[in-house]
Amino acid sequence: MTAHLLGTGSANAGPDRTTTMIAVEHGDRLVLVDCGGDALQRMEACGLDPLAIDVVILTHEHPDHISGYPLLLEKLWLKGRRDPLPIYGPAATLEKARALFAIFDTLKWAGLPERLYRPVEMRPGAPVTRLGDLGITAAPVEHPVPTIGLRFETRDGVLAYSCDTALSGAVVDLAEGADVLIHEGTGSLPGVHSSPAEAAEVAVRAGARRLVLVHAPVGASDDGLAQARATFAATTWGHDGDRVEI
Ligand SMILES: [Zn+2]
Ligand SMILES: [Zn+2]
């Protein structure tokens with residue numbers, strides 16, 4: 001399993017990071033998580049085929065996570081995708097995405113792929129989908145709008161993704177024994193975001209093996225990283241284009 005960090009920035013990141021978007025690849029399976037920018041351009045820059053996307057997961061309704069949704073559909077259509085596209089996420093998020101796309105007049109877009117909206121239950125361990133050997137589950141995390149963190153599990157290992165969250169026991173449970181935890185490190189903001197040190201605390205409590213920080217603010221500092229490493233040594237900042245092997 002490989003997590004491609006398509007983007008690693010927060011909504012207020014520097015010039016070298018776009019918004020946080022992740023593609024998870026396992027064999028011939030491909031999952032896109034969020035599209036707060038031009039997700040397909042980022043996929044192609046990372047050597048991935050956008051037409052190979054099996055499912056899209058939208059974690060929550062903030063613009064830095066779903067504002068690129070209409071563009072994603074337009075580009076998939078122009079590149080020739082005709083198969084229906086399953087889209088998973090909290091019901092509130094799917095409603096926003098649907099409304100966002102409905103702004104555009106697509107009546108003349110012959111062959112536009114059908115959108116299959118699949119709400120995810122807002123409870124720990126909620127099943128999202130299974131793609132062969134790859135099982136995906138979700139849990140609500142601590143953010144001002146309904147938001148899900150994700151757990152990707154195969155025979156070979158486990159990847160957990162916190163999504164946007166304050167320090168949360170739900171992420172500890174989600175990341176239990178994970179080979180890699182991708183956790184946001186925007187900066188501590190109760191009820192909203194986490195600092196790198198708080199992400200490191202989650203990694204320790206979960207018994208994760210590696211921690212990769214994403215959702216970086218402008219000037220993500222070495223100080224934050226040093227504080228995280230004081231708690232959990234195997235911590236790095238992710239950067240746009242990184243491949244994280246699990
Ligand atoms: Zn958010
Ligand atoms: Zn965000």
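Tutor: Gladly! Anything else is irregular. Keep in mind that this is a predicted model.

Student: Which protein donors does the zinc ion (ligand 2) have?

Tutor: They are D64 (OD), H65 (NE2), D164 (OD) and H215 (NE2), lying 2.1 Å from the ion. Along the chain, their spacing reads D-H-x98-D-x50-H.

Student: Why is the arrangement around the zinc ion (ligand 2) called irregular?

Tutor: For comparison, the ideal angle for four tetrahedral donors is 109.5 degrees. Here the 4 donor atoms subtend angles of 93 to 160°, so the arrangement is irregular.

Student: What parts of the chain do D64 and H215 tie together?

Tutor: D64 sits in helix α2 (residues 63-66), and H215 in the loop between β12 (210-214) and α7 (222-231), so the pair links parts that are 151 residues apart in sequence.

Student: Are D64 and H215 buried or exposed?

Tutor: Buried means under 20% relative accessible area. D64 is at 10%, so it counts as buried, and H215, at 3%, therefore counts as buried too.

Student: Which residue coordinates both zinc ions?

Tutor: That is D164, and the zinc ion (ligand 2) and the zinc ion (ligand 1) are 3.5 Å apart.

Student: And how many helices and strands does the chain have?

Tutor: There are 7 helices and 14 strands. The radius of gyration is 17 Å, close to the 18 Å from the globule rule for 246 residues, so the chain is as compact as a globular protein of that length.

How values were computed
Residues numbered from 1 in each chain as written. Chains lettered and ligands numbered in written order. Predicted model: local features only at pLDDT ≥ 70, side-chain atom pairs only at ≥ 80, totals over all residues. Heavy atoms only, no water. Donors = N, O, S within 2.8 Å, 3.2 Å for Na, K, Ca; no water. Tetrahedral: all angles 85-135°; square planar, octahedral: opposite > 155°, others 65-115°. Helix = DSSP H or I, 4+ residues; strand = E, 2+ residues; numbered from the N terminus. Buried < 20%, exposed > 50% of the residue type's maximum accessible area, 1.4 Å probe, protein only. Rg over C-alpha atoms; globule rule 2.2 N^0.38 Å.
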